Amino acid sequence: MKNSERIERYVLSDLGRGRARGTIGPNDDLIEAGILDSLSIVHLIRYLEQAFDIEVRDEDIVPESFRTLAGICGLVDRLIARTRVA
């Protein structure tokens with residue numbers, strides 16, 4: 001399973017309260033859709049760190065990284081690359 005599919009599954013099923021796949025597009029605003037709020041972002045960060053063996057630092061926590069599925073996937077890709085270099 002691709003990273004983007006894992007992230008989408010978690011966001012929709014766990015944070016989106018069982019929303020069906022395809023109901024949220026990669027560039028849809030997850031905050032405006034009511035899927036993400038400050039508490040769910042904390043849960044999402046914990047999931048991402050455990051699922052992808054990455055560290056999300058304070059400086060990584062910016063709105064554009066969490067507003068859309070595409071933003072979250074981009075963040076994970078960058079953090080995986082950073083982990084491999086370190």
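Guide: Helices (H or I, at least four residues) and strands (E, at least two) are DSSP runs, numbered from the N terminus. Residues are numbered from 1 along each chain as its sequence is written. The model is predicted: local features need pLDDT of at least 70, side-chain atom pairs count only at pLDDT 80 or more, and totals for chains, interfaces and linings use all residues, while side-chain values use heavy atoms, with hydrogens and water left out.

Visitor: How confident is the predictor in the protein?

Guide: On the scale of pLDDT, the predictor's confidence in each residue from 0 to 100, the protein averages 91, and 94% of the residues score at least 70. Confidence is lowest in α1, with a mean of 90, and highest in α2, at 96. Where pLDDT is low, the predicted coordinates should not be read in detail.

Visitor: Why is threonine 23 called partly exposed?

Guide: Buried means under 20% relative accessible area and exposed over 50%, with partly exposed in between (1.4 Å probe, protein chains only). Threonine 23 has 45%, so it is partly exposed. Its place is in the loop between α1 and α2 (38–52). Contact means heavy atoms within 4.5 Å; neighbours within four places in sequence aside, threonine 23 is in contact with Leu12 and Asp28.

Visitor: What makes arginine 9 count as exposed?

Guide: Its relative accessibility is 52%, and therefore arginine 9 counts as exposed. Arginine 9 lies in helix α1 (residues 3–15).

Visitor: What makes up the largest nonpolar core?

Guide: A nonpolar core is a set of buried Ala, Val, Leu, Ile, Met, Phe, Trp, Tyr and Cys residues joined through side-chain atoms within 4.5 Å. The largest has 25 residues, and those with the most contacts inside it are Ile7, Val11, Leu44, Leu48 and Ile72. Each of α1, α2 and α4 supplies at least two residues of this core, and α4 gives the largest share, 7 residues.

Visitor: Why does aspartate 60 count as buried, and with which side chain does it make a polar contact?

Guide: Aspartate 60 has 11% relative accessibility and so counts as buried. A polar contact is a pair of N or O atoms within 3.5 Å; within protein, one must be able to donate a hydrogen and the other to accept it, and residues adjacent in sequence count only if both atoms are side-chain atoms. The side chains of aspartate 60 and arginine 82 make such a contact at 2.9 Å.

Visitor: Why is the pair of tyrosine 10 and tyrosine 47 called stacked?

Guide: Rings of Phe, Tyr and Trp (its six-membered ring) pair if their centres lie within 6.5 Å; planes under 30 degrees apart count as stacked, over 60 as edge-to-face and the rest as tilted. By this rule the count comes to 2 aromatic pairs. Tyrosine 10 and tyrosine 47 stand 4.0 Å centre to centre with 0 degrees between the planes, and the pair is stacked. Tyrosine 10 lies in α1 and tyrosine 47 in α2, so the pair ties together parts 37 residues apart in sequence.

Visitor: What makes the pair of tyrosine 47 and phenylalanine 52 edge-to-face?

Guide: Their planes are 85 degrees apart, with 6.4 Å centre to centre, and the pair is edge-to-face. Tyr10, Tyr47 and Phe52 form one aromatic cluster.
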